[in-house]
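Please find below some notes on the model shown here.

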There are 2 protein chains.
Amino acid sequence: MAVTGRSIIAGESVAGTAGRFRAVNPTTGEDIGPEFTALTTDQLRSATEAAGAAFETYRSTLPSERATFLEAIAEEIEGIGDELIETAHAESGLPVTRIQGERGRTCGQLRLFAQVVRQGDHLRVRIDPAQPERTPLPRPDLRQRHIALGPVAVFGASNFPLAFSTAGGDTASALAAGCPVIVKAHNAHPGTAELVGHAVATAAARTGMPAGVFSLVFGPGREIGTALVTDPVIQAVGFTGSRAGGLALAAAAAARPEPIPVYAEMSSVNPVIVLDGALKGDTTALAEGYLASLTSGSGQFCTNPGLLFLPAGEAAERFLAEVARIAGGSTGQTMLTSQIREHLEAGAGRLSTHAHVTTVATGSAGSGPNAPAPRIFSTELDSFVADDGLSDEVFGAAGLVIRYTDVDSLVTALHRIEGQLTATIHGTESDHDVARRIIPVLETKAGRLLWGGWPTGVEVTPAMVHGGPFPATSNSRTTSVGTLAIDRFQRPVCYQGLPADVLPEAMRDENPWGLTRRMDGTLQQP
Amino acid sequence: MAVTGRSIIAGESVAGTAGRFRAVNPTTGEDIGPEFTALTTDQLRSATEAAGAAFETYRSTLPSERATFLEAIAEEIEGIGDELIETAHAESGLPVTRIQGERGRTCGQLRLFAQVVRQGDHLRVRIDPAQPERTPLPRPDLRQRHIALGPVAVFGASNFPLAFSTAGGDTASALAAGCPVIVKAHNAHPGTAELVGHAVATAAARTGMPAGVFSLVFGPGREIGTALVTDPVIQAVGFTGSRAGGLALAAAAAARPEPIPVYAEMSSVNPVIVLDGALKGDTTALAEGYLASLTSGSGQFCTNPGLLFLPAGEAAERFLAEVARIAGGSTGQTMLTSQIREHLEAGAGRLSTHAHVTTVATGSAGSGPNAPAPRIFSTELDSFVADDGLSDEVFGAAGLVIRYTDVDSLVTALHRIEGQLTATIHGTESDHDVARRIIPVLETKAGRLLWGGWPTGVEVTPAMVHGGPFPATSNSRTTSVGTLAIDRFQRPVCYQGLPADVLPEAMRDENPWGLTRRMDGTLQQP
């Protein structure tokens, strides 16, 4: 399949007339692929209109039909074959094995959402039967289900060209909920987006979905982003990216005559707290684990462990010496774009010249223009607390290690940190009492708490939360990874006294979809 | 118990120093009760600080402890006895029997939330056991529960001095979720608020809750409201009131450095659609039902049926003649405040002088200064569609009947209406085909769909939704009535690989709380 540089609007290839741009291979700095054509806002409107027109048909599909569509998307993506891997590798600079893994994850989560839809628990059906004998007034029959919100705009992420982009988690969960989706492709990997976009459009056609259920649009981020978010057809937004980008979309959505929810996953420094017992263990293994997590994918993960707290002392210095040795011998990997590389260099530069920050290690730059050296810094807890700037995200392979001298000051410092996607504790049996003090603080700060291990690597399962308090996300009550993500694109509706033959099937007495339902407050399995 | 005119901050009576005001008996127009003292924003801060300090202790209470607290509140409210009924009646002008019923509902919903907390399904626990043998990488143990968001600000509603005020649905659901609550009393019924506030504070003390779990504050709405919503301690807001009030709070919350959710239930005209078959039935009964719903509580319900659509023709005229006869002979009831009465008169005045609106009936004013005559108007669908102003809420006993000539035009008009709390269809067997066309439209417009009956009268049950698309509420994905309301004040947290003895109890293998939990995606009952 050839990449054409055209948007896909409701199954049709559309050449934009608002300008052209090209993808860049960050490994070489060279332009690659065809010219991509940017849509005008008028052209964009044909995508939102098609989504609006498709909404009623799409949300009315049977669970099995919608599940088949999601599975067909996975098949079509797999069907693209090596061209997808090569294109994504060239456009992102991410290693081929990583892209292969990400394809597996992307298809896996589409199939997981297909299972969710087939099972139907996301409909959250509740039935309170009528009580005709109740006094003083009879109780009417009340039934509740969740329905799709409406067309959803999804903004592809720079750092996951597959799993958080065209057919990534936001798209999969919105489609699962019954919402048509319009994806704004990330301009860093437009060819990848187009290949996947054709896979989705083909799957929609093959499974009889209305064409407007999916569109993929190319254009300048800010302009087309604002036009999308403020289009009255759009009812919710999924976004993964920078804090500035997320806040701009949230502000645009809040200023609409009819405000809509924006689910923006923005920034996080993912504190790792090493407790005494853990530091007494194998410091080499700890240093290896830390650096592997910090530098994996050139550090371009939302869950990158940007801050590591550890108890000051001899063991801490041993750990830092190991970090210096390993990181000092490491080589930078290509970052996604030159802009992201520049941001990293600026952030690392600020740390390196900070009066109270020491450089622990500087690796070697990798080959090509965009593979900066991994860098590790250290500071003391007092200095960290005194300067909010030290907790700012530095996106990439740069980490700050913070020595603390006592648990009380550590707890006070943790109370002050911003909202995070994750927080990790490294401890042993002897640390459990301290952990019991820290966990309640971290719970109020993060969407996921880890004991041991490292925050990079996010499982796609029912229990996963990839979310957290502001500014990690714009809405802490949700997740963008895992099956709970579907809830973002639904709302509850109550049906009072409807005759059986006009009542939607999910709520009928005979339970034709075999759903687990809450009857008078108690869950009842079919 | 004497009403003192003082705020209750973390169990203490506090005289405000920012001015004084008095309650007004709307039946007579006279001042009643003692002077109430308004808090300064500095004084308010002691309430938010106490709430912040109480949060950790309160959210860590066992389900049984929290449930006992909620039940104790109900007991304490009942223990106030007739003084509560008399005070609320005097301050609101609402009939004694209505206030008695509202007390029952208020205590009933506190006890219902106690049940919900004891059962524990609201924790929504999910467990994905570790898969140590998985390749290429083992899967860690992942567990999810929902935790309390943090201190919540609740704004008492004018029209429900008990059920949507100090210890109403927002307070009950926030306390159930584990959030301390600060209630801003509605200045129309401050004595009622203080009596109930003491009941909550007494219940907190009696059941060993931290004092800061509850405060009740008096002050000028806008100023103290903005101060509350922008206080960094506050993590969510519950509001029932006007669209202007709700939007102002939402804007203030969105402009915070750390934005927070505002659950505002604002305005709704609750369309009733009468289909052909239903109009062929007993038009007298239909007219009686309509007017009873429209004028009950002087029409001051969020779910008041402000718009009624019916097929033009002879039966419609018979219905309108019945409406004219009954409403013409009806007498106005006292409204909550002179300001609300003035708003009603202005709205009804606009309808009465509208070029394309006919006055169907004007009842008689009731006794006292604030009991305006019920009024019914009619118009044609074309005129209704041509003027958005005709769908504006007129809060009170005023209704607009709209004649439609064909179902296609009706469906087109329904597509254009704003978000609503409810939508009602009156139909018979012969109308089911038309209903199947209309229901999908109404579903996207309202939080609750009724077949027959009238939208006033909102059951407090698991399946209820008192919510709906903007501008009915600021967040269509929730409800402010019914057990699902608790979800508004929680967020999910995932725990990865935590050792059993630091893991919160709800998620431990042995399931000490006997919860229904989702294991690897499948619900498992204890």
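**Notes on the model**

1. Helix α6 (residues 190–206) of chain A has 17 residues and spans 24 Å from its first C-alpha to its last, close to the 24 Å expected at 1.5 Å a residue, the expected span being 1.5 Å times one less than the number of residues. Helices (H or I, at least four residues) and strands (E, at least two) are DSSP runs, numbered from the N terminus.

2. This is a predicted model, in which local features need pLDDT of at least 70 and side-chain atom pairs count only at pLDDT 80 or more, while totals for chains, interfaces and linings use all residues. Residues are numbered from 1 along each chain as its sequence is written, and chains are lettered from A and ligands numbered from 1 in the order in which they are written.

3. In α6(A), 14 of the 17 residues are buried (20 or more other C-beta atoms within 10 Å of the residue's own, C-beta atoms being placed from the backbone). Just after α6(A), A:G208 has a positive phi of about 75°.

4. The contact involves 55 residues from chain B and 55 residues from chain A (C-beta atoms, placed from the backbone, within 7 Å). Elements giving two or more residues to the chain B side include α15 (432–443) and β18 (446–451) of chain B.

5. Strand β19 (residues 490–496) of chain A runs parallel to β18(B), joined by three bridges (pairing requires at least two DSSP bridges). A:Q496 has B:L450 as its bridge partner in β18(B).

6. Chain B superposes on chain A by a rotation of 180° with 0.0 Å of shift along the axis (RMSD 0.0 Å), by least squares on the C-alpha atoms of residues with pLDDT of at least 70 in both. The two copies are therefore related as by a two-fold rotation axis.

Key. Contact = placed C-beta atoms within 7 Å. Buried ≥ 20, exposed ≤ 12 C-beta atoms within 10 Å, placed from the backbone.
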